[in-house]
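Subject: Handover of a structural model

Dear colleague,

Please find below the structure that I am handing over to you. My findings follow directly after it.

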2 protein chains.
Amino acid sequence: MAQDGKRRAGATPGASAAARARPPSMADVAALAGVSGQTVSRVANNRSNVDEATRERVLSAMKMLGYRPNTAARALATGRFRMIGVVTFDLRAHGNARVLESVVSAVQDTDYSVSVVAVRSHSEQAVREAFDRLSTQAVDGIIVNEPQMLDTAALRLRSDLPIVVVDRDDRHRYPAVGSDDAEGVRAAVTHLLDLGHHTVAHLAGPQDSYPARRRAEAWHRTLKDAGRLTPPVDYGDWSAESGYLIGRQIAERPDVTAVFAANDQMALGLLRALHEAGRPVPDDVSVVGFDNLAESAYFLPPLTTVNQDFEEIGRQSVALLLDQMESAPAEGTAPRGAAAVSVAPRLVVRGSTAPPRA
Amino acid sequence: MAQDGKRRAGATPGASAAARARPPSMADVAALAGVSGQTVSRVANNRSNVDEATRERVLSAMKMLGYRPNTAARALATGRFRMIGVVTFDLRAHGNARVLESVVSAVQDTDYSVSVVAVRSHSEQAVREAFDRLSTQAVDGIIVNEPQMLDTAALRLRSDLPIVVVDRDDRHRYPAVGSDDAEGVRAAVTHLLDLGHHTVAHLAGPQDSYPARRRAEAWHRTLKDAGRLTPPVDYGDWSAESGYLIGRQIAERPDVTAVFAANDQMALGLLRALHEAGRPVPDDVSVVGFDNLAESAYFLPPLTTVNQDFEEIGRQSVALLLDQMESAPAEGTAPRGAAAVSVAPRLVVRGSTAPPRA
DNA sequence: GCGCGTGGTACGAAGCTTCGT
DNA sequence: GACGAAGCTTCGTACCACGCG
């Protein structure tokens, strides 16, 4: 076989298995298969110009030795890491966890891996730090799961890596993928109007959140387009607790017959507040949420809500990122056109909505 | 300055910025600072034997060039990747997402990164594939978030990497970190007995889940220790839907005055079933859950449940893993003693439990 | 000649390129 | 077109040696 005995003593097949500590290298495979390292490399990278028979020999040698290409060496040689970085916020938030899940899942269908960095606060400082970690670490592209970015200045980062932002916002110049919130909100509010409600109150997310703002704006616009009055908005912080606290105030407004909450958690708090105030849902007040938690179908009453297709969002962001990575191989900063992908949400009608009392 | 002009043409300071595409390497920093690459390496790794003045020079050169050490090259040279792999199941499950969150957070306090691999099914095949991915990829240790492993054979993996399993189970020989389920269950069941209930029914998780089994066993033992009868167990699948479906049957058993559900989601379904059957909670039936979802405090009624300290679990698993990684530097398979860390759960009493009707 | 601050060189594992058969 | 051999590249680190107090 090959004569690279000078490289290391134990590499010859004759050596006992006792010295097996270091993982097998390409040279080991080559020796066992009786081919050159070059050919092993060709097989490992699925090149076409290898004879089927030798390919088989090499593959079985790989299997026998349990050979795994050394990622570090490959990355060093190619300059690419086969790794996608994900910057995410609080995973306790349902949507964030779902997005991460679907991104991981989508990436798994490629030969990339995922490295996750969590941002603990919404400060520009924290976000910048996360990016720093990722660019120090070896990633070829970054997906930013940014459902509540305080200020977009934080997104103006020095980084020549391809980036995709999840949860569409037009304030920045990066390609983005997100739910078409406006469409979902429109469906929700229209559903309530169609049921006969004169207007719809809004329990919004925090004012410094872009998604919250978008939903509030869409709510406002839908009412306006329908020629309805727009009640004053209440702002929560996405939590069930805030929904409950604000809900107690809403419950005291006898004119309110329908409420659109910016997420299901706040809707849950609202349901409890209305219940305690003796205002039955949906007989007295209708409630619509946003997100479609797994639990929402079992709230009392089951919650009408807007379902977001997180799977699709994950798939699309990964696709968009890979796209960029392939088209701009270290081209520097060239966010070509900043594509924006909208994923359609879907209204799920359940028991928390009904026509207003006669 | 240095004389490595042979390495690449554009590296000399005189070259225009036009050729700047490749990130700056150590040699660039060395050239700019007028030292050897070796010294740059020393500074980058915070070694002590560098003169304070040269250290400053090197640091400012790094800053000026925006130098970042190349992870791949470093890994190749050292044989360590500074990366921890996490194998996780469905992130839609609250607990899994929480564990991932806390693991990521804990790792972030070290200079390691996290690579996430998701397992889509509970088959040994899928788990093995996940491990394969991780060992192909560059990780120094693995944390397995395994709250519902079908069979532990799947955990008997060829992998000489340090491993920590989250969600303690004694069927395998790996170090593990998890909630002390038995203790949490005991607290929950005892709470109900103390309220005056003669016995407590159990809405269990799926039979092929170890955590579910552990909780069921602890429930059984607690009742037995108290000398109470143990009603037949009903098995759900963790989902609110299964809780609802089984709950409808439970609601028809007039003897049932208290139910312990193996998680909050099933408890939610149960609450709804009891409500629909006209059996008020807690007046007619008391319900206790397990997990303490963010939402549980706003269920109708607010759910008494067992809180798990996921943050602590994450911290502990990372600590345990780092421990192993440092103590067993490529020692092969030597799971020393298989440490097991138990994290104490805590009963949270809310409105879903009360003494039985007189 | 001890020790500190340095520099020189080989090395790690894979890839690519150029020949050559 | 299927392969091999040799040599160079990637970048950072380990080890050893050197000069200078």
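In which loop of chain A does P301(A) lie? P301(A) belongs to the loop between β9 (286–288) and β10 (305–307) of chain A. Helices (H or I, at least four residues) and strands (E, at least two) are DSSP runs, numbered from the N terminus.

Two conventions apply throughout. The model is predicted, so that local features need pLDDT of at least 70 and side-chain atom pairs count only at pLDDT 80 or more, while totals for chains, interfaces and linings use all residues. Residues are numbered from 1 along each chain as its sequence is written, chains are lettered from A and ligands numbered from 1 in the order in which they are written, and side-chain values use heavy atoms, with hydrogens and water left out.

Backbone geometry

Most residues other than glycine have a negative phi, and most peptide bonds are trans. The bond between L300(A) and P301(A) is cis, with omega about -5°. In chain B, the peptide bond from L300(B) to P301(B) is cis as well, with omega near -10°, and P301(B) lies in the loop between β9 (286–288) and β10 (305–307) of that chain.

W238(A), a residue other than glycine, has a positive phi near 85°. W238(A) sits in the loop between β7 (234–235) and α9 (240–250) of chain A and is buried at 17% relative accessibility. Here buried means under 20% relative accessible area, exposed over 50%, and partly exposed in between (1.4 Å probe, protein chains only). R82(B), although not a glycine, has a positive phi of about 55°; R82(B) lies in the loop between α4 and β1 (83–88) of chain B and is partly exposed at 25%. Helix α4 (residues 71–78) of chain B has a side-chain oxygen of N70(B) at its start, within 2.7 Å of the backbone nitrogen of A72(B). Just after α4(B), G79(B) adopts a positive phi of about 80°.

Chain A as a whole

Chain A has 11 helices and 12 strands. Of its 358 residues, 54% are buried. Among contacts (heavy atoms within 4.5 Å) in chain A with a separation of 6 or more, 69% are between residues 24 or more positions apart.

D264(A) is located in helix α10 (residues 264–276) of chain A. D264(A) is buried yet has no salt bridge, and the nearest side chain of opposite charge, that of R350(A), is 5.4 Å away. For charge, Lys and Arg count as positive and Asp and Glu as negative; His and the chain ends are not counted. A salt bridge is a side-chain nitrogen of Lys or Arg within 4 Å of a carboxyl oxygen of Asp or Glu.

The side chain of D264(A) does make a polar contact of 2.7 Å with the side chain of T305(A), and reaches the backbone nitrogen of N292(A) at 3.0 Å. A polar contact is a pair of N or O atoms within 3.5 Å; within protein, one must be able to donate a hydrogen and the other to accept it, and residues adjacent in sequence count only if both atoms are side-chain atoms. Beyond four places in sequence, the contacts of D264(A) include G289(A), S296(A), F299(A) and L303(A).

Salt bridges

Over all chains, 28 salt bridges are counted. One of these pairs D109(B) with R120(A) at 3.1 Å, N to O. The pair crosses between chains, from the loop between α5 (94–108) and β2 (113–118) of chain B to the loop between β2 (113–118) and α6 (124–136) of chain A. D109(B) is exposed, at 61% relative accessibility.

E311(B) and R98(B) form another salt bridge, at 3.7 Å between the closest N and O atoms. E311(B) lies in helix α11 (residues 310–327) and R98(B) in helix α5 of chain B, so this pair ties together parts that are 213 residues apart in sequence. R98(B) is buried, with a relative accessible area of 15%, whereas E311(B) is partly exposed at 25%. In chain A, D181(A), R214(A) and R215(A) are linked in a network of salt bridges.

Kind regards
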